[in-house]
Amino acid sequence: MKLVKPAAALLSIVLLAGCWDRLELNELSITAATAVDWDEKQQWVVSYQVVIPSAISGAMGNMKGGASQSPIIVYSTHGPTIRGAIQQSTFESPRKLFFSHNRVVVVSAEAARRGLEPLIDSYLRNSESRETVDVLVTEESARSILRQLMQIQTIPGEGIYETLRTENRLFSALPSVNMYELALQLLGSSHNAVIPEILISGTPEVTNNQMMGNTSLPSKLRLGRLAVLKEGKLAGWLSQDEALGVAFLRNKVERTNISAPCKATEPTLETSVRVERADTKITPVRRGDELTLQARIVANGTLLETNCSLDLEESEALRQLESQVRQRIIEVVRSGYSATQQLQADVIGLADRVHRKYPKLWHEVEPDWAARYAQIPLNLQVEFTLKRVGLSTKSFKKQFGQEED
Amino acid sequence: MRGLGIRLPFLKRRDHSGRRNGGGGNGGGRGPGGPSLSRQLQANLNAIRRELGDSSDLTIRLIRDDSGRVLAAVVYIDGIVIFDTINQMLLSPIMERVHELSSGRSSLSAADMRALLEAGTIQLGRVRETYDLSHLIEELLTGSTIILSDGSSVAFAAATRGGEKRSVDEPSSQTVARGPKEGFTEDVQTNISLIRRRIKSPLIRVENRLLGKHTKTVTSVVYMKGIAREEVVEEIRRRLSRIEVDSILESGYVEEFIQDEVWTPFPTIQNSERPDAIAAGILEGQVAIVVDGSPFVLLAPVTFVKFFQSSEDYYQRFDIATFLRVIRMVSFFISMLLPSLYIAITTFHQEMLPTPLLISLAAQREGVPFPALIEAMLMEVTFEVLREAGVRMPRIIGPAISIVGALVLGQAAVQAGLVSAAMIIVVSFTAIANFVIPALNMAIAARLIRFAMMLLAATLGLFGIMSGVMILLIHLVSLKSFGVPYMTPLAPLKISNLKDVLVRAPWWLMKTRPSVISTEDRVRQAPGLKPGPPKDRGERGS
Amino acid sequence: MRSGLTVAECMAAIIMIIMPTAYLIVPTAVLDFAAQDAWISTIAATAIGGGIAAWLGWFAGRNGDGESFLNWLSGRSGRAIAFAGGLLLAFHFFSHASRALNEYISFLKVNVLPTTPNAVLIAVTVLLAMYAVGQGIVTIARICFLMMIATVGIYTATIVLLYSRMHFSYLQPIGEKSIGHIAAGAFTPVCWMSEAAIILLIAPFMAKPRQAPRAVIWGVLLVGFMMMFIVLEALMLFGPNVVKFLQYPSFELISVIQFGGFLERIDMYFIMFWMVTVFLKISLLLFGAVHCLEQTFRVRGGRQLILWAIGLLLTLDASFSWPENFEMEIEAFAKNVSLIIFNILVPFVLWLASYLKLGRGSKKAEEGRT
C-alpha cells in the first residue's frame, strides 16, 4: 500500500477543502499601466489602464464589436494611501486588478514633489507588484497619459515601455529606470535619482478608436526631459542635451547621435555622427581637502551624414571631424554637469565613488554633500575616434563643388 | 492436475521412477500420481472416454492384427495434433510392423506389441512411457498421441503437438523503421526458437513449468547463466512456483502475480513482442518469461529508463538515437504534466505568461462557461473516449473517425464556446505525446497520473503539482524490481551505466553491461573498437 | 560492503538539511552586521563550520559498523545516557522541523498561495514528509542527491541570467566594517551549519560509515560556498542598503530576471525547486525525530505508529503553537541559541560520554574479544 495511502490522503484533503487561490483568466483585470496623482483633496489618485482582451485578440468566434471597441479602459480611484486607493477599486471593478503585467508607473510631478517613498515601499513590499516596472514622471495629469492611445502598439502601456527601451538603446539620453533601480539610486550614498519624463505633445488627446483611424494623429505620447529627484522628491528638470551629458557621466550611453559643426568657428551643425560605443570612467581626485572630478570618456562612432566640404580619404579631414565631435561631447557633458550642480543634485554617483575611494573623507563630507558637490570642478578628457565613414568617401558637397568647378 | 478424483483401488499405484524424460532440460510439471493404467485396453479406453466426457473430437484408432483381434489403440484429440505426422510416422510404421509380424502368426502377444513399440517403430523424436492415467490425459490434452497396447499397463505418448498456429509476422505493436520485422507468436516453442536463433550460446538456459490448473500453460524461463544474476533467477522461480490459479491466458496474468509492487501505476516488468528486444535483454542479464498463448514475452528486472529505450535506438546512428531519446523523455513529462501545468499557470500564476499570450488566452476565455479544471477534464475524458473507441472500430473506418472526430469535435466545441482553443491544443498535444513513449505500460502510467495531477493543480496550483511530483519521485526512488532499485542509474547514481540513459552512446563506447542487472563479468566488447579509416603511413596532408 | 548511501548522497543530505531555509535568509541575516563585507563573513563561517563538521564527522565515523547511533551509544556509555540523548535529540529535531515548517509556510503565504488556509498547506507538507520518512532515509538521500544536481544547474542559470545586472562596485569599500562586525555576521551561518549534526544519525546507513567525515565536511564546505555565492549575488545586484530591508532577498534576485524579452517573471520556477528542497529538509528533520524516538523506546514494529503520531503532533504544533505576532529578532536569536545547544553541546556531551565505557556493550566487546 505504499503509494495509495499518502496519495489518497493528499487527494482527499485537497478535494474536500476546495480551492482558494484560484482565479480564472476571465476574472482578472490585466493592468498595463498605472498612474499616480496627488489631488487637491490631499489624496492619492491611482489610475489604471486595463486591457480588454477580446478587443485586442479577437479570438475565433468571439468578435464582439470588433474594431470599434477601444483596447483599453482607464479608471481611477483615490484614497489616503496608495494601497488604500487600490482597494477602492473593488467598488468599481467587476474583476480583480492584476498588476503582474504592469509595465509602467507614471507619476505626476505633484506627487513626485511630495516624495516617492510611499510608492516605492508599496511596490517592494507586495509580492504581486513587480519591481521591474519602469517609472516615469509627467507634468500633466498622470491619468491623461494613461488615456492616450498610441500608434502601432495597441496597448499604450506596452508602447511606453517599448519606446523607453528603444530610446535607451539608440539615443541613451533618458535612462529607463525601474522600481528597484530607483530604490537603489535613492538609497545610494547621495540619495538622488533621475527619472525620464513623458508628455503628450499636441492636442487634442487621442482617446478613442475613431481618432485612431487617421493616418496622422493629432497628439502623441512622447518622452521629454529628465527629472531629478533629491532625497526622493522632485527638484528640477534637465533638458535632453543635459540629460545626454549626465548619461555620459553615468556611463549609461549605449549608442547616441552627436551633431557637430564643421569648424569651431561656424555654429551651424552640419555633421551627424553615431556614437557606437562610449566608456566613461569618473574618479574623484583628492588634493588635500579639495576634491576634483576626473572624467575620461573614450568613444568611437560612425559617420552618418556630413555637409562639410571634406575629402574623407584625407586623414586631416577625419581628424577635423573627430575634433569637432569631441568638442561637442565636451560641451554636452559640461552643460549636463553644470545643470546638476545648479540643482545641487549629485545624480552621477560621485558620492558612491568618494565613499568607496576615500571612506574616511566621506564620513566627513557626507552631511552637506549637496552643497559640496555644487563646487567640485570637472576635469574632462574625451577621446573620440571615427571608426567608419559609411559608403561614400567624399562628402557630397565636396563632390558637388568639384563638379561645378 | 492434482486430485482428479479417480481412485481405482484395484490398481497399484506406481511410483514415478519409471518415467523417462526426453529431450534436454524439459521438465514436465506433474502432481503426485493419479490412478495407474490397467492392463486391459478396453478398460483404459473407457477410462479415457469417461475422463474427457466422451468428447467428440477424441479419436481412437484401433490397431488389429490380421485375425481381427484388437492389439493396440492410437488415441489422439483431433485438431491439436499434426495429422500428417501421425499418419506417416506413427500409424504407417505400426501397421506395417504389425502386418509383418502377424503374417506369420495368428496373434501377437502383449509382449510382442510392447517390443514392437519400444523398438523404435514410431519414427518420432520424442516418445515417453507412462503408467499413469492422469499423466496420460495431460499428454493427450497437450496434443500428444497415445498408443495403448492390450495387455500392457504402459502407454506411449508421442509428441505430435500441432494444430493451427499463426505464422511469424510483423509485430503489431512496437514497430520500427529499421530492424528485424519478426514478432513473437502465440506458440511458446516458436517463440523460444526465435530467441534461440539469435542467441546461439550454450549459456542459454530454458526452464519450463506449467501454470494454471485448467489451462496448463507452458511457461518458460529463459536466461543466460553466468550473465544473469542467480538471485534474480531464483527469485523468479520462487515467485512463479507460488502461482496457483485456474487459468493463465496471457503473460499479463503472470506479470500481475509476480510483480514487486501492486499499488503502483508504474510497470516493474517489461514486455515486448520483438525477439530482438528480448534477446538484447537476455544478453544484458535480464530474465525472459515466455508464456504460451501470448506473443508478449516478459523481461525482468527492469529499470525506469529502460521503458524509454526502443530497439530502433540501437540500429540507427547514435546521434539520432540520442535526440529521439531526449524527445521521449520530454514527451513523458509533457503527457503527464502539460494539462496540469496549463491549469495551474492560467488560474494561479498568470504572471508567468508573457503579456501577449496572456491577452490572447484571456480573450479566448471570455464567454467560456466552465472553470479551467472542468474544461480540461471534459476534454481529456472526451479524448480518452475517442481513443478507446478508435481501438474498437473496424479497421476501415477507425482512423478516419478518430481523426475527424478529434478535429471536428474540438473545432466545434471551440466555436460553440464550450472550451477555449488553447485547451484543445493542450489536450491533443498531451495525447500525441503519450504515443511517443515506446512502452505501452509506461504510457498508461502517464495517462492515469495525469488526472491526479490535474486535480492537484486545480486546487493548489504549482504547489500542488510539486507535491504530486514529489510523491511520484519518492515512490519511484523507493520502488524495486526484483531487487534492483527502479531509478538506477540515476539514483543510486552509477556513472558508468549512464551511457545508455539519456544518450545512446555509440557502440564502440559501450564496453560493459549495466552493473546492476548483470553479474561481475561485465565486459562485452573488446576495447578500442572506435571506427575510422586505416591509419595511412606517410601520406601527407591527411 | 553493504548497500547503502554513498558519500555523495550523504553529502547531499547534509546540504539539504542546512541550505533551504538558509537560502531565504542568509543575505539579510549576515548583512545586518557586516554590510558589504558579508561575503567575508560567509567565508569565515565556512571555515568554522568546516571545523565543527570535521569533529562531528569523526564522531559519527567511530560508529563504523552500521549500528544505529543510539544503540551504539548505549553500548558505549550506558542506556541512561543514550536514553537522555535520544530524547533530547528527538525533541530538537521535532521543534526544528516545526520551525522550518513555519518559515516555509510563511514564505508560501506571502509569495505563492496567499489565501489558502495554513492548515491545508501544513497538512499537505506533513503528509508528504511522513510518506518520505516512511520510505526510508535511503530514498530521501537519493532524492536529495538528484536535487543537489538540479540546484547546481539552477545556480549557474541565475548567474548567467543576472550577469548583465551585476555591479562589482557594490562590494566596495572592502573592509569597511571591523572584524567584530564580520564575526558577528558569521555567527548565524555557523549556527545553521551545525545542523550537520544529523550525520550522527545518518552515518550508519552509509555503505561505508567510516567515510562519514568526508561526506559531512564536503557537505558543509559546499553549503558555505553556496551561501557566499548567494550573498555575493545579492550584494552585487542590489547593494548593501537595499538588501537590508528586503525580507527574502534571494527571491527578489530572481524576480528581476528579464532576459530576451520573453523570459521574465519566472521566479515561480525557482520557487518550485526551492519548495522541493525545503520539503526535503523537513523530511530529514522528521526522520531525525522519528528515528531517535524509535531507537530510544524500542517499540517493536512501532515505526508506523511513531510516524503517524509525530506527524499528527507536528501538524497540531504547527497549526496552533506559533507566535501570532511577527517578532523576528528575538526569534532569530533564540533559534541560534537552540541550534548551538542541540547541535553542538549535546553531541559534545554525548561524545565525551562515549568515552566513558559505562555500557554493557563495551564490556561485552572486551570479554568477547578473541
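A:V228 stands opposite A:G236 in strand 9 of chain A. That strand (residues 233–238) pairs with strand 8 (residues 220–230) of chain A in the antiparallel sense, over 5 bridges. The model is predicted: local features need pLDDT of at least 70, side-chain atom pairs count only at pLDDT 80 or more, and totals for chains, interfaces and linings use all residues. Residues are numbered from 1 along each chain as its sequence is written, while chains are lettered from A and ligands numbered from 1 in the order in which they are written.

**Hairpin in chain A**
- The hairpin of strands 8 and 9 of chain A has 2 residues between the strands.
- A:E231 takes a positive phi near 55° there.
- Strands (E, at least two residues) and helices (H or I, at least four) are DSSP runs, numbered from the N terminus; two strands pair if DSSP finds at least two bridges between them.

**Open sheet in chain A**
- An open sheet of 4 strands runs in the order 10-11-12-13 in chain A, with mixed pairing.
- Strand 10 (256–261) and strand 13 (378–388) of chain A are at the edges, each with a single partner strand, so one side of each lacks a neighbour in the sheet.
- The twist averages 35° from one strand to the next.
- Strand 12 (residues 290–306) of chain A pairs with strand 13 of chain A in the parallel sense over 10 bridges.
- A:T302 stands opposite A:R388 in strand 13 of chain A.
- Helix 9 (residues 240–249) of chain A packs on the sheet, touching strands 10, 11 (269–287) and 12 of chain A.
- Helix 10 (residues 315–343) of chain A lies across strands 10, 11, 12 and 13 of chain A, at about 140° to strand 13.

**Helix pair in chain C**
- Helix 5 (residues 118–135) and helix 12 (residues 303–320) of chain C pack at about 155°, axes 10 Å apart; axes are lines fitted to C-alpha atoms, for helices over the stretch in contact, and angles run from 0 to 180 degrees between N-to-C directions.
- That makes helix 5 of chain C roughly antiparallel to helix 12 of chain C (angles over 145 degrees).
- Residues in the contact (C-beta atoms, placed from the backbone, within 7 Å) include C:I122 and C:V126 of helix 5 and C:L307 and C:L314 of helix 12.

**Confidence in chain B**
- Mean pLDDT (the predictor's confidence in each residue, from 0 to 100) is 80 for chain B, and 82% of its residues reach 70 or more.
- Over residues 1–32 of chain B the pLDDT is below 50.
- Where pLDDT is low, the predicted coordinates should not be read in detail.

How values were computed: Parallel < 35°, antiparallel > 145°, perpendicular 65-115°, else oblique. Contact = placed C-beta atoms within 7 Å.
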